[in-house]
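Subject: Structure handover

Hello,

Here is the structure for your next look. My notes follow below it.

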Amino acid sequence: MSSASDVVIVPTVKDNMFKKLLVIGKTGTGKSSLCNRIAGHEANASVFPVSSAAASCTQSTKFGNVKFGGNKERLISLIDTIGFDDPENDTDIKIIAELVDKLKKNCDYVNLFAIAVNGAAPRLDGALVAMIKIFEEMFGPGFWSQCVLIFTRVPMDKKAKKMRLKNTEKSDDDIAKDYLKVVQGKFPNGGGLNYLFLDACFDEDDEEEEKAFQEAMENLYSKVDGATPLPTSKVNENVQSEHGKLKRELEAREKDTVEFTKKIQEM
């Protein structure tokens, strides 16, 4: 595994020429554990803090320049976002506004979006639909061609796979494809969406799980490396028109920034 010095947490990833991977997901999907693994660390590393509680441990959008899977030849920028549960409530409106604001000011483009879904209970509830809708508004239809669903918390050893098949009478791929059909039913532009099974908390002593993890990581890197950049310059304008609360929150953040800048200049 990498050492902590292999990850550089930075305030901005603008103009660094790296491929950029943004990870989103509801609270509790294992999003930060996934980010730690992508950065070449243990799932519970402190680089991207992990919480066992219901509340999200990621309290603000976090930018990191990392070695993908610990490989020094694969430098990327990794963006860990705050988990949220209901984009209609005031708390999550502030979270979304923080994300929109940071992407516009501190990130010039995104190459790939990874949507973390709890594979142990893969439900497409209203909160996740609303979250995806916001990202579709931010980046337009191009979001879907540069997006991948990552099913987390799915052990890939032979016994676990056999038990899932016995209990559901469906293979993992069939379950994933059924989930994609539901997504595409909600989002007409979501056809052709890709998926991966990537269990950040896999058993490193189990050869099958180790192999499945490495294959999924290789697949994910190929997707990041081959994706063209989607600019973030208009994310503010694209998303605020549909959400009155969000528009007001973004305007307030912009006002605070202007006032802070003015005070600094006066000093």
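Buried means under 20% relative accessible area, exposed over 50%, and partly exposed in between (1.4 Å probe, protein chains only). Helices (H or I, at least four residues) and strands (E, at least two) are DSSP runs, numbered from the N terminus. This is a predicted model: local features need pLDDT of at least 70, side-chain atom pairs count only at pLDDT 80 or more, and totals for chains, interfaces and linings use all residues. Residues are numbered from 1 along each chain as its sequence is written, and side-chain values use heavy atoms, with hydrogens and water left out.

The sheet

Seven strands make an open, mixed sheet, in the order β1-β3-β4-β2-β6-β7-β8. β1 (8-10) and β8 (194-197) are the edges; each has a single partner strand, so one side of each lacks a neighbour in the sheet. On average, neighbouring strands are turned by 25 degrees against each other, direction ignored. Axes here are lines fitted to C-alpha atoms, for helices over the stretch in contact, and angles run from 0 to 180 degrees between N-to-C directions.

Strands pair if DSSP finds at least two bridges between them. β1 and β3 (residues 62-67) run antiparallel, joined by three bridges. There, valine 8 faces asparagine 65 of β3. Helix α7 (residues 207-226) packs on the sheet, and its direction makes about 145 degrees with that of β8.

Now β2. Six of its seven residues are buried, so β2 is largely enclosed by the rest of the structure. It pairs parallel with β4 over five bridges, and valine 23 stands opposite aspartate 80 in β4. Five bridges also join β2 to β6, again parallel. Glycine 25 has alanine 116 of β6 as its bridge partner.

The cores

A nonpolar core is a set of buried Ala, Val, Leu, Ile, Met, Phe, Trp, Tyr and Cys residues joined through side-chain atoms within 4.5 Å. The largest has 41 residues, and Ile115, Phe135, Phe139 and Leu149 have the most contacts inside it. Its largest share, eight residues, comes from α3. A separate core has 26 residues, among them Val23, Leu78, Leu196 and Tyr221.

Aspartate 172

Is aspartate 172 buried or exposed? It counts as buried, because its relative accessibility is 12%. Aspartate 172 belongs to helix α6 (residues 172-186). Its side chain makes a polar contact of 2.8 Å with that of arginine 164. A polar contact is a pair of N or O atoms within 3.5 Å; within protein, one must be able to donate a hydrogen and the other to accept it, and residues adjacent in sequence count only if both atoms are side-chain atoms.

Regards

Methods:
Contact means heavy atoms within 4.5 Å.
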